[in-house]
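Hello,

Here is the structure I promised to pass on. Please open it next to this email and follow along.

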Amino acid sequence: MIILGIETSCDDSAVGIYCSERKVLASVLATQLEHRATGGIVPEVASRAHLRNLPPVLRAALEDAQLGPEDVDAIAVTRGPGLLGSLLVGLAFARSLGESWQRPVLGVHHIEAHLLANQLEREMVFPAIALVVSGGHSQLMLLRAAGDYELLATTRDDAAGEAFDKAAKVAGLGFPGGPVIERLAASGDARAFPFPVARLSDGGLDFSFSGLKTAARLAWEQEAPLSGQRLADYCASLQDAVIRQLLDRLARSLRGHEVRACYLAGGVAANRALLAAATEMLTPLGIPVHAPSPRYCTDNGAMVACAGALRLEATGESGSLAPFPRGVLRSWGAAF
Ligand code: KG4
Ligand code: ZN
């Protein structure tokens, strides 16, 4: 089966083409540079940019895959969570392609697409534990199978990616913050700034990054402007504090669960220091840790196509196409 995936939940207009033999045939995206000047995403600007970007991105994806519309069996599109206006543009685009190509259109949950991006380059094994960390989400999930999910923890306030993005904004490092902070952190001392790891008073597994965000801002304001080695130390300390919290929750979530693998997913999973630290922690326990290649960790169309293909093949259902700005991932079979 060849399936085309469309992703417009935030500021990337992306189209991917995936073939069930687990191969990405194309993955093209236009990142909206319009938001650089404002230092954050303006929803109205994002919707208009998706409208402009989608036709050329689609053309490029079909060209890369050397396919025509007649070769595509189905179309998958992100229907939430995300910015409502952006989702609507992607959904309208997918529906009109479905109409003119006479193909089924499936709505995909953005978190599921991130999770199943792990299937793009290798065969996933179950049961597994998954850490989904991006600019909008921080979740721990138990995966019993593709399509069978249990949410173990979520964030009480900000997402992990937001800690990177807000620290980068304060430090004038641009948007998104994760990639530049990871690069600078490589030559920094992670012990230089004593950033906190939040622990919840109820001892629960949920994440909290708002305290770290504030600590990072205050530390910057005390010494600003930081540069050279001190800036590298700042980035290394921040990255380390995010990783320590993620690993703390990951380690505790494993109690009482026998898993065969750990999957990292979402934009923050592009961080290779996180992958290395999780691998170091879980390898002695006999749990292999995997993350997609960085380009499939951040938003892309191939992951949407893959999630759509797996569900269509397993259930034959295309489901609803109503957009939703918020909503937890449910297992296949449960209405979402
Ligand atoms: O999954 P994604 O592309 O969009 C959302 O669904 O939110 O994730 C974007 C987030 C941003 O917060 C960005 O700073 C973060 O992923 N990110 C990283 C890295 N690359 C992207 N965070 C840490 N290290 C990275 N290398
Ligand atoms: Zn995402």
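Where does Ala-269 lie? Ala-269 sits in the loop between strand E9 (261–265) and helix H8 (272–282). Helices (H or I, at least four residues) and strands (E, at least two) are DSSP runs, numbered from the N terminus.

Some ground rules. This is a predicted model: local features need pLDDT of at least 70, side-chain atom pairs count only at pLDDT 80 or more, and totals for chains, interfaces and linings use all residues. Residues are numbered from 1 along each chain as its sequence is written, chains are lettered from A and ligands numbered from 1 in the order in which they are written, and side-chain values use heavy atoms, leaving out hydrogens and water.

Back to Ala-269. Its relative accessible area is 0%, so Ala-269 is buried (under 20%; exposed is over 50%, partly exposed in between; 1.4 Å probe, protein chains only).

Next, Thr-78. Thr-78 is in strand E4 (residues 74–80). Thr-78 counts as buried because its relative accessibility is 0%. Not counting residues up to four places away in sequence, Thr-78 touches several residues, including Glu-7 and His-110 (contact means heavy atoms within 4.5 Å).

His-114 lies in helix H3 (residues 110–116) and Asp-299 in the loop between helix H9 (294–297) and helix H10 (301–315), so the pair ties together parts 185 residues apart in sequence.

Best wishes
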